[in-house]
Amino acid sequence: MKNILFIIFISVFVFKSPIYSQNKTMDSLNLALKNAKHDTTRLRIYVALCEECELQDNLKYTEPALKLANSLLQGLKNEKAKKSLLRKKAIFYSCRTAYYQQNGDSSNQRRWLFIELENYIQLNDTNEIFSKYLNISAYYFDYGNTPIAIKYFDKAIQFAKQMNNKKLVSYGNFQMGQ
């Protein structure tokens, strides 16, 4: 009887654990990716994989995802579809930035922060452009380059002023004062 209870306990613990659940989700997503017929479907699956995977696996999924997104963007005339693809690329860029930050690769982290910024400039996404300026500033603060960090804080605030977004100006000034 004790053996049966032990087996039930272990089964419930293993199959309800977050690790098992994540592995199951990743397996399902990888299978869906393998069987996907359309590039747009594969790209959506890559987004889900990047959001679900362990940080150390980010490059495994972002590399082919970015290649696919870039190939889909070539010759695309529809602005709505183009913006949708650029938003997906932003997710992949963010995952790469996080990967390099986690692994202490500061030069690649900086490189991808600037790529993220350029992507949001293409999208004309005011909030994200402002946010990326703050992220770049934080990067420079983290690595001890205060003058450049302040320069990017100022860029964020000036950008918010250009957009006449008082909320972002206020937030930027608050963040700079901390």
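1. Read along the sequence, the pattern of the protein is α-α-α-α-α-α-α-α-α. The count is accordingly 9 helices and 0 strands. The model is predicted, and the points below should be read on that basis.

2. On confidence, the mean pLDDT of the protein is 86, and 87% of the residues reach at least 70. Among the elements, helix α6 (residues 106–123) has the highest mean pLDDT, at 95, whereas helix α1 (residues 2–16) has the lowest, at 45. The pLDDT stays below 50 over residues 2–20, a stretch that has 2 contacts in the model beyond near neighbours in sequence.

3. As to burial and surface, 35% of the 178 residues count as buried. The protein exposes about 11300 Å², of which carbon and sulfur atoms supply 53%.

4. Contacts across the sequence also deserve mention. Of those between residues at least 6 apart, 49% join residues at least 24 apart.

5. Helix α4 (residues 58–73) packs with helix α5 (residues 79–102) at an angle of about 155°, their axes lying 10 Å apart. Because an angle over 145 degrees counts as roughly antiparallel, α4 and α5 are therefore roughly antiparallel to each other. The crossing of α4 past α5 is left-handed.

6. The residues that make this contact are as follows. From α4 come N58, L59, T62, E63, A65, L66, A69, N70, L72 and L73. On the side of α5, the contact is made by K82, L85, L86, K89, F92, Y93, C95, R96, Y99 and Y100.

Conventions:
Residues are numbered from 1 along each chain as its sequence is written. This is a predicted model: local features need pLDDT of at least 70, side-chain atom pairs count only at pLDDT 80 or more; totals for chains, interfaces and linings use all residues. Side-chain values use heavy atoms; hydrogens and water are left out. Helices (H or I, at least four residues) and strands (E, at least two) are DSSP runs, numbered from the N terminus. Buried means under 20% relative accessible area, exposed over 50%, partly exposed in between (1.4 Å probe, protein chains only). Contact means heavy atoms within 4.5 Å. Accessible areas come from the Shrake-Rupley method with a 1.4 Å probe; for residues, only the protein chains shown count as cover. pLDDT is the predictor's confidence in each residue, from 0 to 100. Axes are lines fitted to C-alpha atoms, for helices over the stretch in contact, and angles run from 0 to 180 degrees between N-to-C directions. Angles under 35 degrees count as roughly parallel, over 145 as roughly antiparallel, 65 to 115 as roughly perpendicular and the rest as oblique. A crossing is left-handed if the near helix is turned anticlockwise from the far one by less than a right angle, and right-handed if clockwise.
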